[in-house]
Amino acid sequence: METPFDIVLFGATSFIGKILTRRMAERHGFGDGKDSQGNEGKPVRWAIAGRSKAKLDSLKDELGPAAVNLPMLIADAGDEDSLNAMCEQTRVVVSTVGPYALHGEPLVRACVETGTDYCDLTGEVQWIRRMIQLYEERAKVTGARIVHCCGFDSIPSDMGVWYLQQEAISRFGQPCQRVKMRVKAAKGGLSGGTVASLMNVIQEAASNKALRKELANPFSLCPPDHRSVTRQPNVTAAEFDQDLESWVAPFLMAAINTRVVHRSNALLDACYGTEFQYDEAMMTGRGLKGRGRALAVAGAMGGFALATAIKPTRWALERFVLPEPGEGPDQAAQQKGFYDLRFIGTTEGGESLTVKVTGQGDPGYGSTSRMLAQAAECLAFDVAEDAVGGFWTPSSLMDGDLLKRLQANAKVTFEVLTASTA
């Protein structure tokens, strides 16, 4: 069915929503199709959406006189009629309205019911699981393709593993049974929205034993019949990585990234192997300094989780330390940010492969906004119209098409560093 818009940005006045709006304007003009760089040069029809007309008008003012005709839609996360009306006007909805566990479900439900494709940048694993349980069967009926985790969590991890496995199959004739991702270097900041989402997950888990058990399950996002008897590695403290000759520490995003990668394997018919193993960690260097950094990172993460779980210290963090919703790194910091990830894979036969994935821009904002925009465009223009509805991951639905877009338009690179036979 033809719709007035290809893409609608819901939550355009949020911190990340404003950045995403600017990205879209840079590529596609202001909704009129002029100067469009996407969809093979064809006009891209897009609009911004949110609950406050005043804030949307203010955003258009910030974008300059050329944005006067940028289409905007009024929709409230708590008003299902307005959400349904918005969904019926577009092929794809991109949501930046978090914490998703608090505000995200009505829009997912509206997209599922109207058969509208959807993507977001959530990293809230417990909420994603709940959405899958509640709405996946209905999405298969209506044809809605729902793709969570289209930002730094978890596109670099998900697409990095997918790329490595394609290379392994091409070079060795089999996938890597054991893959680990290590953050070699990264620079970036946190926004109030990201902090609010993170604290909400910790707060929920602190009071819910069943949720804590669920969050500890590496296959929590997989279909019920997808399991492995092989124990999954998990870096929870400072340890030494012999392959990289570096100390490593826990990585904050590992809890969501590993689940997304395992779900991709499940949705791709276990093409990574039925006993596939995957984990993530941060490299902190060699020697005593590297060990000291790893201990410090592990201690800080544990201390933050504990402080967040206790009401008085959580209040103090929110009041005096952490950024407020709507706050985040400035434009200069977003541009100076970067990340360098290494994926090391080993096949059952002993062959090994090392892949490097890099991104320019602050991981959570500068780079995430580019990746989210490309995921939305890929959903709108590259995914086959007869692709099955349901809850997908970036790699399982968009695979090579998304890889091309990321490299061409999102300043994300994928390259093989080393490959060796047994």
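Biologist: Is Cys271 buried, partly exposed or exposed?

Modeller: Buried means under 20% relative accessible area and exposed over 50%, with partly exposed in between (1.4 Å probe, protein chains only). Cys271 has a relative accessible area of 29%, so Cys271 is partly exposed. Cys149, by contrast, counts as buried because its relative accessibility is 2%. This is a predicted model, in which local features need pLDDT of at least 70 and side-chain atom pairs count only at pLDDT 80 or more, while totals for chains, interfaces and linings use all residues. Residues are numbered from 1 along each chain as its sequence is written, and side-chain values use heavy atoms, with hydrogens and water left out.

Biologist: How many disulfides does a search of the whole structure find?

Modeller: A disulfide is a pair of cysteine sulfur atoms within 2.5 Å. The search finds zero. For Cys271, the closest cysteine sulfur belongs to Cys176 and is 12 Å away, too far for a bond. For Cys149, the closest is that of Cys150, at 7.4 Å, which is also too far.

Biologist: What is the strand order of the open sheet of seven strands?

Modeller: Strands (E, at least two residues) and helices (H or I, at least four) are DSSP runs, numbered from the N terminus. Two strands pair if DSSP finds at least two bridges between them. Here the order is 3-2-1-4-5-6-13, and the pairing is parallel. Strand 3 (72-74) and strand 13 (390-392) are the edges; each has a single partner strand, so one side of each lacks a neighbour in the sheet. On average, neighbouring strands of this sheet are turned by 20° against each other, direction ignored. Within the sheet, strand 1 (residues 5-10) pairs with strand 4 (residues 90-95) over five bridges, and Phe10 has Ser95 as its bridge partner in strand 4.

Biologist: Which strands does helix 15 lie across?

Modeller: Axes are lines fitted to C-alpha atoms, for helices over the stretch in contact (heavy atoms within 4.5 Å). Angles run from 0 to 180 degrees between N-to-C directions. Helix 15 (residues 394-409) lies across strand 6 (145-147) and strand 13, at about 90° to strand 6.

Biologist: Why is helix 10 described as largely enclosed?

Modeller: Of its 14 residues, 12 are buried, so the rest of the structure largely encloses helix 10. Among the buried residues are Arg259, His262 and Arg263. The packing partners of the buried residues include helix 6 (125-142), strand 10 (277-285) and helix 15. Just after helix 10, Asp269 takes a positive phi of about 60°.
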